[in-house]
Amino acid sequence: MPPKAADKRRQGQGGPSGGKAGKAGKAGHKKKAENDFPETGEDWSTGRAAIKSPDQLDLTENELEKEVIRTLTANNPHIPQNIVRFSFKERAYKLVDNMDQTAIHFTLNGYLIHKDSDEGRRQSIRSSTEAEETPVEEEKAPVEASAEATEEAETKDEESTEDAEAAGEGEGGGEGEGEGEQEAEAAEAEEPPPLKAPERKLANQFNFIERGSTTYRNPLREKGLQTDPAPFETFSENVNQWFIYDAYMEELERMEKAKEKEKAKPVAAKKDDNKTGRRLSYVELPQVDSLTKVAKAAKIAERMVNLNTYDDIAQDFKYFEDASDEFRGQKGTLLPLWKFQYEKTKKLAVTALSWNPKYKDLFAVGYGSYDFMKQGHGMLLLYTLKNPSFPEYSFSSESGVMCLDFHSDHPHLLAVGFYDGNVAIYNLKKASSQPSYRSSAKSGKHTEPVWQVKWQKDDMDNNSNFFSVSSDGRIVSWTLVKNELVHMDVIKLSADETTMQGPEGLQLQTLGSGTSFDFHKKIDYLFLVGTEEGKIYKCSKTYSSQFLDVFEAHHMAVDSISWNPFHLKVFISCSSDWTVKIWDHTIKTPLFVYDLSTAVGDVAWSPYSSTVFAAVTTDGQAHVFDLNINKLEPLCSQLVVTKKKNKTTHVQFNPVYPIIIVGDERGLITCLKLSPNLRKMPKEKKGQEVKKGPEVEIAKLEKLLSLVREPGSKEEQ
Amino acid sequence: MEETEEEKKDEADYKRLHSFPLIRHSDMPEEMRIETMELCVTACEKHATNNESAAKMIKETMDKKFGSSWHVVIGEGFGFEITHEVKNLLYMFFGGSLAVCVWKCS
């Protein structure tokens, strides 16, 4: 139909003009609008009206009013209308009127085939038959099917290309398939899908990729466990009224017995409480009992082991007498016996030693430090000669122990003075690691280290009491009243009773700092105080502000002061100014002076002879003197520390055995036996003269003293 | 007459004295034993005249509390030989005349 097509083209060409007519119409409307608002929009409305495209048709009003009808047809305007072909049949050129009007803008090959299409049907038939034959080979089937399908598709492809050529289009097989798809879609809507193998989708062989990969399959594991059946037991019994009655009677009897026991037990427990003071409650009884039993056995075993280990030393201690002394003249030696050392006190210095007055093998050791820059904790250990390897008791304290003293009547009470100024009483009967009594800042503790403590006789109310001396210049009496330590300042050491002139006329009283003291053996109120300035004050408990006497004894601090145990007027003092001096308290000048050419740490009278004393010096030596034998030199000066630079700090005589213990700065205590030459007196004393002993001793010392005394002083005695 | 009076008095005394529960044999843990014992006491006091219902009550309560299957025998005289799960047996007397045996065996 060429003429129709031509018409349409014409109409299409006329399109634009029609559009312009529309525009003009619009302009007309604008003009009307201009009339409505003449004042505001004159400029732009006129400007608009004036511009016209040059090819615009000038149309009359009628023409503008005219309706133009346009119809859209499916005809392609670019397809030539006037193609002619020679017809051999009619022998003439004829117009080809049936032109294809389809324009293809976009093609996309689908990846699925419709199941109702030829290809789809073929595939589905093939796959279904294969599935019926061998369902196991299903995996292979699609591959085969696809292989076959490709062949068929090729054939179909050829067909479709032929169709396309026939239609005069060079678009290839794609178009044909596209058409096929369209058809298939339509068919699908109408027909329900076949029942067989509904899941399977039919793939377009030319636009379809199947990908697959195999992964490792985790192997399965089976685990089983058979549990033990719950354990069963059999139980058999006969019961009748008689049994029940008997059982109840028995039980009642038992209960009554238990009641009686319970009544008896608390009383017994209380008794135990009173006896030991350790058992705190009835519940604790069995545990404590078993522990103490074991502890006792362990202690025995430990001692037996020690007995074996230190057998030779024990033999020496008991029987060995140095035979070579006979050839040494007056000189003597010290035989080292046990050494006492404890792991926890290796870095602490021995600051105090004291033998227990009741148990002659037991002694207490205080540990602390004399270096005021290195103050730390302190320890209090009690050793027995029977067990040199481990302390019998051990107490640790926050502050260093500076001094200690056993109570003479209650040997379980131990008074201790600390570096921080506190004093405390340890009760060895109590298992507690804490002191039984302890002073505090509230209860008048010293403000500076306590240098010495000494028990006194019980006061009139039978309360135990002790004295302490400290660098703060106070001498305090402490009394045990029930559960308290009651303090009382006995005396304040004012240095020369002088006052320092402080700023703004303030009167500052300087206090002497006491470092040691000792009470007279017989005269209760009399005591001596050694001070840091080197003076020794003779004081009385009754005068708290005055001294009975002052000795200008030393140039440096008095380290130790001690009354002679026999002669009531004689005392000994030692000092860091290298000297040991022996005094008569009625005479202001020393009777004997010994220069040991190094600072003297401690001095102690022997308990068996009035003329024997021992001193330790900071060079690690122990010196033993017997005035009766040699008034000028020590009988024995012996190095007792093993390491150089180690200082000996304290010395104490055992009250019974001829041994001394010496403590040093490294926490080591050495026990030394005096050789026969150093203790000639006690040998003589043995036998009949025991009673006369003290008088003999006094006479002996008196004889010596009279040699050095000035004739004038004799009157004073 | 005096004799009978005395007897009565004795019986009253006996009842009064023997009212407490008396565990004869048990391998239960402490807590469970006490709980079971209290349960038995409660049940026997509640059903003082009917041992059957007391036994039923104990059994059901024990089943609930400790899982099935519990068995209970209550009586004044009986003999038994049972197989029970370990730690699940209580044999006690109560009230002077009752024996209660509770055990588990599933």
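This is a predicted model: local features need pLDDT of at least 70, side-chain atom pairs count only at pLDDT 80 or more; totals for chains, interfaces and linings use all residues.

Residues are numbered from 1 along each chain as its sequence is written, chains are lettered from A and ligands numbered from 1 in the order in which they are written, and side-chain values use heavy atoms, with hydrogens and water left out.

**Chain A overall**

Chain A has 11 helices and 33 strands; helices (H or I, at least four residues) and strands (E, at least two) are DSSP runs, numbered from the N terminus. Of its 717 residues, 38% are buried, where buried means under 20% relative accessible area, exposed over 50%, and partly exposed in between (1.4 Å probe, protein chains only).

**A helix in chain B**

Helix H3 of chain B covers residues 51–66. Its 16 residues reach 22 Å from first C-alpha to last, close to the 22 Å expected at 1.5 Å a residue (the expected span is 1.5 Å times one less than the number of residues). Which residues of H3(B) are buried? They are B:Ser53, B:Ala54, B:Ala55, B:Met57, B:Ile58 and B:Met62. After H3(B) comes B:Gly67, with a positive phi near 85°.

**Salt bridges**

Over all chains there are 14 salt bridges, each being a side-chain nitrogen of Lys or Arg within 4 Å of a carboxyl oxygen of Asp or Glu.

| Pair | N to O distance |
|---|---|
| A:Asp118 and A:Arg121 | 3.7 Å |
| A:Arg122 and A:Glu119 | 3.5 Å |
| A:Lys299 and A:Glu392 | 3.3 Å |

A:Asp118 and A:Arg121 lie in helix H4 (residues 118–133), 3 residues apart, about one turn of the helix. A:Arg122 and A:Glu119 are also 3 residues apart in helix H4 of chain A. A:Arg122 is partly exposed at 31%, whereas A:Glu119 is buried at 5% relative accessible area.

Now for the pair A:Lys299 and A:Glu392, joined by a salt bridge. A:Lys299 sits in helix H8 (residues 285–309) and A:Glu392 in the loop between strands S7 (378–384) and S8 (393–397) of chain A, so the pair ties together parts 93 residues apart in sequence. Shared partners link A:Lys299, A:Arg303 and A:Glu392 into one salt-bridge network.
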